[in-house]
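I opened the model today to look up a few things. My notes follow, entry by entry.

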Amino acid sequence: MHLLPAETRRQAVLLSSNYALYGDMSQRVTHTLGEFSPHVEVYSIDESFVGFQGFDPATLEARGHRLRQTVRQWTGIPVSVGFAATRVLAKLANRAAKKIPAYEGVCLLEADSPATRSLLSQLPVTELWGIARRTGERLALMGINSAWELRKADPKRIRKAFSVVMERIVWELRGHAAIELDDMSVPKKQ
């Protein structure tokens, strides 16, 4: 047996997968989300879109904080909440809610706000939902490197060079709902 010097030793933690437990917890979270809105679309085992149409926009941030608190209390699972007019922007809002402490886990993005422009300007296009590395490389050849640059791009030019789904991403970045969950299907996880 060979021992490494203390300064080069590493520790590892091995955890087993318990898919039955993950599925059960996912169902509990989904049930809890249903207490806040009748419009819950499960995207994956750990992600859902919740529709808040018809609710007073001035109440959304407070609702988001209550939702986080309730999910944590009922399931023990911490969640982040991102509000926006479209799925692409909602995923961006959720990312900001997770990563930017000032949002305290809840981010409300409006399509034309300075906060949204700032986030989109700083975000590499490959960090957007539905844009992989190769597509990002092709966009870079067109001079599109940030999510903000994609938002400003001509949707018809993007559709011609890529696909209707890419055109829809441009519209979503502008605040116009254009993507259904079927458009962005999740690859099967093993």
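**Terms and source.** I take helices (H or I, at least four residues) and strands (E, at least two) as DSSP runs, numbered from the N terminus. This is a predicted model: local features need pLDDT of at least 70, side-chain atom pairs count only at pLDDT 80 or more, and totals for chains, interfaces and linings use all residues. Residues are numbered from 1 along each chain as its sequence is written, and side-chain values use heavy atoms, with hydrogens and water left out.

**Thr-70.** I looked up Thr-70 and found it in helix α2, residues 60–75. Is Thr-70 buried or exposed? I use buried for under 20% relative accessible area, exposed for over 50%, and partly exposed in between (1.4 Å probe, protein chains only). Thr-70 counts as buried because its relative accessibility is 15%. For contact I require heavy atoms within 4.5 Å. Leaving aside neighbours within four places in sequence, Thr-70 touches Thr-32 and Phe-36.

**Whole protein.** I went through the elements next. The protein has eight helices and four strands. Along the sequence they run α-β-β-α-β-α-β-α-α-α-α-α. Of the 190 residues, 35% are buried. I also checked contacts between residues at least 6 apart in sequence: 45% of these join residues at least 24 apart.

**Hairpin.** I count two strands as paired if DSSP finds at least two bridges between them. Strand β1 (residues 39–44) pairs with strand β2 (residues 47–51) in the antiparallel sense, over five bridges. The two strands, β1 and β2, form a hairpin with two residues between them. Ser-44 stands opposite Glu-47 in β2.

**α3 against α8.** Helix α3 (residues 87–99) packs on helix α8 (residues 164–173) at about 65 degrees, with the axes 7 Å apart. From α3 come Arg-87, Val-88 and Leu-89, which meet Ile-169, Glu-172 and Leu-173 of α8. By class, this contact of α3 with α8 has four nonpolar, no polar and two charged residues. I count Ala, Val, Leu, Ile, Met, Phe, Trp, Tyr, Cys and Pro as nonpolar, Asp, Glu, Lys and Arg as charged, and the others, Gly among them, as polar.

**Leu-119.** I then moved to helix α4 (residues 114–122), where Leu-119 lies. Leu-119 is buried, as its relative accessible area is 15%. Which residues does Leu-119 contact, leaving aside neighbours within four places in sequence? They are Leu-92, Ala-96, Ile-100, Tyr-103 and Leu-109. Leu-92 is 27 residues from Leu-119 along the chain, and their C-alpha atoms are 8.2 Å apart.

**Glu-104.** I checked the loop between α3 and β4 (106–108), which holds Glu-104. Most residues other than glycine have a negative phi. Glu-104 is not a glycine, yet its phi is positive, about 50 degrees. Glu-104 is exposed, with a relative accessible area of 55%.

**Second largest pocket.** I looked up its lining last. Among the lining residues are Leu-92, Ala-96, Ile-100, Ser-118, Leu-119 and Gln-122. Elements giving two or more residues to this lining are α3 and α4. By class, the lining has six nonpolar, two polar and two charged residues.

Terms used: Axes are lines fitted to C-alpha atoms, for helices over the stretch in contact, and angles run from 0 to 180 degrees between N-to-C directions. On a 1 Å grid over the protein atoms alone, a cavity is a set of points where a 1.4 Å probe fits but cannot get out, and a pocket is an open set with protein on both sides within 12 Å along at least five of seven lines; lining residues have an atom within 4 Å of a point.
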